[in-house]
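Please read them alongside the coordinates.

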Amino acid sequence: MEKSIEKIWNEAFIDEQSLIAPRINNLYNQKSKSIINKIKRTYEFDNRGLLPIAGIVAIGGILLSETIIGLYGTILILCLYYYNTKLLSRFSNLDVKSDNLTYLKNYRKVVKSVSLATKRMFIFVIPFVVLSIFILAFFVKEKSFLSRFIKEGTTFLEIIGIGGLVALIFSIIAMLAFKLSTKLLYGTLFSKLDDLINEIEGLKS
């Protein structure tokens, strides 16, 4: 992606007739490049943070005698890492030959699509994942942390009910954490990107 961005800004990104003067071209060139690179680095840092979490879950599962559950959780986190990587690849598919304003607008659309996909995952996928962990624990029956939810005689329907309740609570907490982290990590950057788009549109109008 870095190569694409460099190509955009250094070879085919700014049309000298599209803004008022060459100096303004250079100014918006640098501002655009700076914001895009910061967003890119933040996304990558955020996604790579899943890798050490996967390791912690695996080790924690072993220490808590939840080996199978821990390995299952680790696999799920690695799947999330792969899923996020595929989402972020959408940025690389943007047309590098488009003009500055068009590229920034398309970039903003991809940002919104990535955020929407992540939000849907927290709403629909996370509860299913948490519930599946309880179902797995029911059949594995490891003597461990989750065993306190699965007493002798606990039925499958009961574990579904317990797991469903925990999944709902976890999903709400995860959504709140997602909104907060998005605001803290990306809020300022997205605001600057929107302001930049509005400024360029104003100069072109």
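1. The side chains of Glu 199 and Lys 31 form a salt bridge, at 3.2 Å from N to O; the term requires a side-chain nitrogen of Lys or Arg within 4 Å of a carboxyl oxygen of Asp or Glu. This pair joins distant parts of the chain, since Glu 199 sits in helix α6 and Lys 31 in helix α2, 168 residues apart. Helices here are DSSP runs of H or I with at least four residues, strands are runs of E with at least two, and both are numbered from the N terminus. Glu 199 is partly exposed at 34% relative accessibility, and Lys 31 is partly exposed at 30%. The classes are buried for under 20% relative accessible area, exposed for over 50%, and partly exposed in between, with a 1.4 Å probe and protein chains only.

2. On provenance: this is a predicted model, in which local features need pLDDT of at least 70 and side-chain atom pairs count only at pLDDT 80 or more, while totals for chains, interfaces and linings use all residues. Residues are numbered from 1 along each chain as its sequence is written, and side-chain values use heavy atoms, with hydrogens and water left out.

3. Arg 108 is in helix α5 and Asp 194 in helix α6, so the pair ties together parts that are 86 residues apart in sequence. Arg 108 counts as buried, at 13% relative accessibility, whereas Asp 194 is partly exposed at 29%. The count of salt bridges comes to 4.

4. The overall fold has 6 helices and 0 strands, in the order α-α-α-α-α-α along the sequence. Of the 205 residues in the protein, 36% are buried.

5. The largest nonpolar core has 23 residues, and Ile 39, Tyr 43, Phe 91, Leu 104, Tyr 107 and Leu 193 are the ones that touch the most other members. A nonpolar core is a set of buried Ala, Val, Leu, Ile, Met, Phe, Trp, Tyr and Cys residues joined through side-chain atoms within 4.5 Å. At least two residues come from each of α2 (22-48), α4 (67-88), α5 (100-140) and α6 (156-204). The largest contribution to this core, 8 residues, is from α5. Another core, of 11 residues, lies apart from it and includes Phe 122, Phe 138, Ala 174 and Met 175.

6. Helix α5 has 41 residues and spans 56 Å from its first C-alpha to its last, close to the 60 Å expected at 1.5 Å a residue. The expected span is 1.5 Å times one less than the number of residues. This helix has a kink of about 40° centred on Phe 122, where the bend is the angle between axes fitted to the seven residues ending at a residue and the seven starting there.

7. On the surface, Ile 59, Leu 63 and Leu 64 form a nonpolar patch with about 350 Å² of accessible area together. Patches take residues with over 30% relative accessible area and no salt bridge, joining nonpolar side chains (Val, Leu, Ile, Met, Phe, Trp, Tyr) within 5 Å and like charges within 9 Å. Areas come from the Shrake-Rupley method with a 1.4 Å probe, and for residues only the protein chains shown count as cover. Leu 64 lies in the loop between α3 (50-63) and α4 and is exposed, at 54% relative accessible area.

8. Two C-alpha distances may be worth checking in the viewer. Asp 46, in helix α2, is partly exposed at 38% relative accessibility; Asp 46 and Ser 181 are 135 residues apart in sequence and 9.8 Å apart in space, C-alpha to C-alpha. Gly 49, in the loop between α2 and α3, is partly exposed at 26%. Gly 49 and Tyr 81 are 32 residues apart in sequence, with a C-alpha to C-alpha distance of 9.0 Å.
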